[in-house]
Amino acid sequence: MQHEPCPVWMGHLLASPIRALAQNPATILAPYLREGMTALDIGCALGFFSLPMARLVGPSGLVICVDMQEGMLTRLERRAKRKGLHGRIQAHLCTQNSLRLEERAGSADFALAYAVVHEVPDPPALLGQIEAALKPRGLLLLGEPILHVPRRDFEETRSLALAAGFTLAGEPPIGRSRTALLRKRLSAPCA
Ligand SMILES: C[S@@+](CC[C@H](N)C(=O)[O-])C[C@H]1O[C@@H](n2cnc3c(N)ncnc32)[C@H](O)[C@@H]1O
């Protein structure tokens, strides 16, 4: 798998409204988000998913937008401000090996990780950190673009998620994607 993060110019392409014709973010995320929830968008880039997430969690909710590239987060904040969603968005700079979410342990209702695991050098560590940030029975929606990530690699990622403390709750359809909806187990994962 590639371990280079996608460049900021690509972030602009990923945030294009044309993408919503194949991947409508509000339709994809509406089943999992409600007013007042705390959600994580891991590898958020310019917020193609984060901004619709912010609408779904409403003024009493919070979307923590996590990315290792400051350039993505500053642009995302600008876009959120323009759309009046700034108060529900928290830009969170992480490193390639740590989400730096320790202070948020056990607090998130939902996490999205779309098109990011294939860029990460240590997927088991990433999945473990997401699991730690979620509430018990919290949901993680994992997605990877079909063109970038072969089925075998995605199946391996899904197995790693199961080992990190999730159970498989579904495979919701997202255009041109491989997906897994995962629920955090109540008991701790085996060492
Ligand atoms: C291909 S983009 C996908 C962006 C967004 N999820 C979307 O679907 O529009 C991958 C994003 O993940 C970020 N990323 C890559 N490796 C990361 C890591 N180890 N931790 C956090 N973010 C990472 C990149 O900076 C980039 O913004």
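I count two residues as in contact if their C-beta atoms, placed from the backbone, lie within 7 Å. I'm working on a predicted model, where local features need pLDDT of at least 70, side-chain atom pairs count only at pLDDT 80 or more, and totals for chains, interfaces and linings use all residues. Residues are numbered from 1 along each chain as its sequence is written.

What does A39 touch? Leaving out residues up to four places away in sequence, I found L33, M53, V57, V63, A108, D109, F110 and A111. Strands here are DSSP runs of E, at least two residues, and helices are runs of H or I, at least four, numbered from the N terminus.

**Strands 2 and 3.** How do strand 2 and strand 3 (residues 89-93) run? They run parallel, joined by 5 bridges; DSSP must find at least two bridges for strands to pair. I also saw that C65 stands opposite A91 in strand 3.

**Helix 5.** Which residues of helix 5 (residues 123-133) are buried? I noted P123, L126, L127, Q129, I130, E131 and A133. Among the elements covering them are strand 1 (38-42), strand 5 (134-145) and helix 6 (151-163).

Key. Buried ≥ 20, exposed ≤ 12 C-beta atoms within 10 Å, placed from the backbone.
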